[in-house]
Amino acid sequence: MTPPACPAKPSAGDRIAVVSPAAGLPGLFPRPYELGLERLRKEYGLEPVEYPATRSMDSTPRERADDLHAAFADPDIKAVVASIGGDDQITVLPLLDRELIRANPKPFFGMSDNTNLLAYLYNTGIVGYYGASVMVELGRPGAMHPQTAESLRAALFTTGAYELKPAEHWTDVHRDWADPATFDGEPQTRPGTGWTWLNAGRVIEGRSWGGCLEIVGGLLMADREISHDLSVYDGGVLFLETSEELPSGEEVFRTLRAMGERGLLQRFSALLMGRPKAWSFEHPNSPEEAARYAADQREAVLRATRAYTPGITIVFDVDFGHTDPQLVIPYGGTVRVDGPSRRITVTY
């Protein structure tokens, strides 16, 4: 495996690709998508370029792979951003031309099902960025969360250290994109609760790997884009979070157990666990139910780490993934977890 390197960043005025390598949801919900494109233009000074499958819910894996090839191969495109996540991006991976992408490295931003592509880029030698999809973060009703906006700006345009900070206010409740009233104002948020640290007596600095836990589980089952030489993960920082599917604590434990049985979990020196999304349209949990769900997930993580890597430094409720705000995490880049100072610093 080629050690990942950071590709050159875009500048104001540059063209960036907007693709849907997981699902063409912009075709179903144009309002948050168009809002996200507008913010890319007005707030970030970038020119989004849409590709043929971006708005198509019926696109084939081959068509989505073709869009990615076109975006990476075009010298005028300076970054690639996913419209949103989805469900079956794993079927796109076998169709990708690794040498084409390796020869044309570009920053890629995406999350959720885009964990597949980020893991692929990790093995291709390209640092990616977990976060900042067009429809969810850029298309947030009312305005972008200021912590999301600041983190994305730093990840897009700068290189060097950036300190992540706990959310001052946050939410995991989202309103219906099909309802125009959703976009009349910002989501209702509640005060932040900070991060919780465990085994925090040391400083760890290593390369990051992980993403959406459900997608990592799929990669494990398919034996795809997880190196058989597990030493490549030694001393790294694992970051994981769960989606709006709200996997049970037992499901979380089983995936982590599979990582442990494979010998993967033990390779990492620190684990950043994203704040769990505990509300969805299918499961509109009350605050009390959401708190129980989050506690069950934390216990599942502790049960697995006690069994396989009891000394690992863990930070719970880090603000990335499917909750709001969403801090951007470099994928394959350097993350510093300073336990004594209770600080997390990433290198963009």
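**Reading pockets, packing and backbone angles**

Mentor: Seven residues of the lining of the second largest pocket, the largest share, come from α9. The model is a predicted one, in which local features need pLDDT of at least 70 and side-chain atom pairs count only at pLDDT 80 or more, whereas totals for chains, interfaces and linings use all residues. Residues are numbered from 1 along each chain as its sequence is written, and side-chain values use heavy atoms, with hydrogens and water left out.

Trainee: How much space lies in the second largest pocket, and which elements each supply at least two residues of its lining?

Mentor: A pocket is an open set of points on a 1 Å grid over the protein atoms alone, with protein on both sides within 12 Å along at least five of seven lines, and its lining residues have an atom within 4 Å of a point. Points are joined across faces, edges and corners, and a volume is the space filled by probe spheres set on them. Here the second largest pocket holds about 410 Å³, and of its 22 lining residues the closest to the centre are Trp170, Arg190, Ala290, Ala291 and Ala294. At least two lining residues each come from strand β12 (270-274), helix α9 (287-308) and strand β13 (313-318); helices (H or I, at least four residues) and strands (E, at least two) are DSSP runs numbered from the N terminus. Twelve of the lining residues are nonpolar, five polar and five charged, where Ala, Val, Leu, Ile, Met, Phe, Trp, Tyr, Cys and Pro count as nonpolar, Asp, Glu, Lys and Arg as charged, and the others, Gly among them, as polar.

Trainee: Which residues line the largest cavity?

Mentor: A cavity is a set of grid points where a 1.4 Å probe fits but cannot get out. The count comes to one cavity of 30 Å³ or more, and about 40 Å³ of space lies in the largest cavity. Its lining consists of Ile16, Leu40, Val81, Phe109, Ala132, Leu138, Leu152 and Leu156, that is, eight nonpolar residues with no polar and no charged ones.

Trainee: Which residues of α1 are buried, and what do they pack against?

Mentor: Buried means under 20% relative accessible area, exposed over 50%, and partly exposed in between (1.4 Å probe, protein chains only). In α1, Pro32, Tyr33, Leu35, Gly36, Leu37, Arg39 and Leu40 are buried, and the buried residues of this helix pack against β1, β2 (47-50) and α5 (134-138), contact meaning heavy atoms within 4.5 Å. At Lys42, also in α1, the side is exposed, with a relative accessible area of 66%. For α2, the buried residues are Arg64, Ala65, Asp67, Leu68, His69, Ala71 and Phe72, and the elements they pack against are β1 (15-19), β3 (77-82), α3 (98-103), β4 (108-110) and α4 (115-124).

Trainee: Where does the backbone carry a positive phi in a residue other than glycine?

Mentor: Most residues other than glycine have a negative phi, and most peptide bonds are trans. Leu246, in the loop between β11 and α8 (249-262), has a positive phi near 50 degrees and is buried at a relative accessible area of 11%. Asp223 has a positive phi of about 55 degrees, lies in the loop between α7 (213-222) and β11 (237-241), and is partly exposed at 41%.

Trainee: Which residues does a cis peptide bond join?

Mentor: Asp324 and Pro325 are joined by a cis peptide bond with omega of about 15 degrees, and Pro325 sits in the loop between β13 and β14 (329-331).
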